[in-house]
Amino acid sequence: MICKGCYKEDTDGYCLSCRKKLFDRLRIPAVLSFDAPKADNIASFQEHSKRLSISGVQLKYSLRLENKALVFTEQSGEYILKPIPPSNLLVAVEDAPENEHLTMQMAEQLFGIQTAANALIYFKDGAPAYITKRFDVRSDGSKYQQEDFAQITSRTKASHGETFKYNGSYLEIGEAIRKFVAAAVPALERFFQLVVFNYIVSNGDAHLKNFSLIRSTEGEYQLTPAYDIMSTVIHTPQESDTALDLYPGDMDSAFYQTYGYYGRDNFLELAAKLGLLENRAIRMIDAFSARREQMEQMVQRSFLNDATKAKYLSNLADKITRLDPK
Ligand SMILES: [Zn+2]
């Protein structure tokens, strides 16, 4: 048996370290006591999503711990549960929960990217779901103030249309980080690392609402842990490589004009525009190819089915090659 949180071997359910991170050390079974809820609002979900993206069709449920068990709740949710998305427009949907879990674990375990605590969990009928602990809720139930970058850059459906969260660039998020976060440089480095990671794992849905600032108890803004990251191209093969431009004019760059996709030059240009030191940016980019084997091993050890593993690995190889020095 391997831990359904961190893939550590010889564990029944969740290992102690995952129980600490997720469940206040409680021995929560990896199988819930109830079946997946019936989703009866699927049609309306898809109608209102102009751009086919996994985030547009994912259903989210709120859970909390009650008498040492996870239960559905309308209010004061401590966890978010994401079952298999109910969509026949997506590919390999049954692997979506594990795709998210694997990608989040890779970010944290291999690259030290701060992530929301997460695991794979199963409904009573055996269907998998992704579970994550909310980081905006204090232990007493009160909430931290959190704002995503659509809110921070004042973009709404009314002001920028249906696809407002895809309207912008990563540079713009960086500029907002510089403006609002007191310790801007480390935050910008964390942000840059995450943007490159998303590219490496083929996450084409890292839009404005998938990055946020949270206000600490002392009143200072900080970048939140990473959330909602997965290899979206597995489920939406037609999706563009990134949800946002890296920076305005990136597609006119010599590299993009030559190859038709982003490469090392574009990410180094983004780092320069963010005000990061070039050697630090190079080190962050090269950390991904240096740990290629560990990433591959983690994909192999995951609970994805074999066809999805193969796709994940070939996309990974492709993106790592793109970021190699030319
Ligand atoms: Zn574990």
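**Close-up views of a predicted protein model**

View 1. Residues are numbered from 1 along each chain as its sequence is written, and side-chain values use heavy atoms, with hydrogens and water left out. The C-alpha trace spans about 55 × 45 × 40 Å along its principal axes. A compact globule of 326 residues would have a radius of gyration near 20 Å, and the 19 Å of this chain agrees with that. That radius is taken over C-alpha atoms, and the globule rule is 2.2 Å times the number of residues to the power 0.38.

View 2. Of the 326 residues, 52% count as buried; buried means under 20% relative accessible area, exposed over 50%, and partly exposed in between (1.4 Å probe, protein chains only). Contact means heavy atoms within 4.5 Å. Looking at contacts with a separation of 6 or more, 67% come from residues 24 or more positions apart. The accessible surface comes to about 15,100 Å², and 48% of that belongs to carbon and sulfur atoms; the areas come from the Shrake-Rupley method with a 1.4 Å probe, and for residues only the protein chains shown count as cover. As for charge, there are 39 positive and 42 negative side chains, and the centres of the two sets lie 4 Å apart. Lys and Arg count as positive and Asp and Glu as negative, with His and the chain ends not counted. Each charge is placed at NZ of Lys, CZ of Arg, CG of Asp or CD of Glu.

**View 3. Aromatic rings, with F180 and Y221 as a pair**. Rings of Phe, Tyr and Trp (its six-membered ring) pair if their centres lie within 6.5 Å; planes under 30 degrees apart count as stacked, over 60 as edge-to-face and the rest as tilted. By this rule the count is 21 aromatic pairs. In one of them, the rings of F180 and Y221 have centres 6.3 Å apart and planes at 70°, so this pair is edge-to-face. F180 sits in helix α7 (residues 170–180) and Y221 in strand β8 (residues 221–223), so the pair ties together parts that are 41 residues apart in sequence. F180 is partly exposed at 36% relative accessibility, whereas Y221 is buried at 19%. Elsewhere, F34, Y61, F72 and F123 make up one aromatic cluster.

**View 4. Helix α10 and its cover**. Helix α10 runs over residues 264–273, and R264, N266, F267, L268, L270 and A271 are buried in it. The cover over these buried residues includes α7, α8 (184–200), α9 (254–259), α11 (278–290) and α13 (306–323). Just after α10 comes G275, with a positive phi of about 85°.

**View 5. E189 in helix α8**. With a relative accessible area of 13%, E189 is buried. Leaving aside residues up to four places away in sequence, E189 touches L276, R280 and M284. G141 is 48 residues from E189 in sequence and 31 Å away in space, C-alpha to C-alpha.

**View 6. D136 in a loop**. Look for D136 between β5 (128–133) and β6 (146–148). D136 is buried, at 12% relative accessibility. Not counting residues up to four places away in sequence, D136 touches S142, K143, Y144, Q146 and I214.

**View 7. Positive phi at R25 and A92**. Most residues other than glycine have a negative phi. R25 has a positive phi near 70° and lies in the loop between α1 (16–23) and α2 (42–47). R25 is partly exposed, with a relative accessible area of 49%. A92 takes a positive phi of about 50°, in the loop between β3 (79–83) and α4 (96–111). A92 is buried, at 17%.

**View 8. E108 in helix α4**. At 27% relative accessibility, E108 is partly exposed. E108 touches K21, I113 and T115, again not counting residues up to four places away in sequence. A226 is 118 residues from E108 along the chain, yet their C-alpha atoms are separated by 9.2 Å.

How values were computed:
This is a predicted model: local features need pLDDT of at least 70, side-chain atom pairs count only at pLDDT 80 or more; totals for chains, interfaces and linings use all residues. Helices (H or I, at least four residues) and strands (E, at least two) are DSSP runs, numbered from the N terminus.
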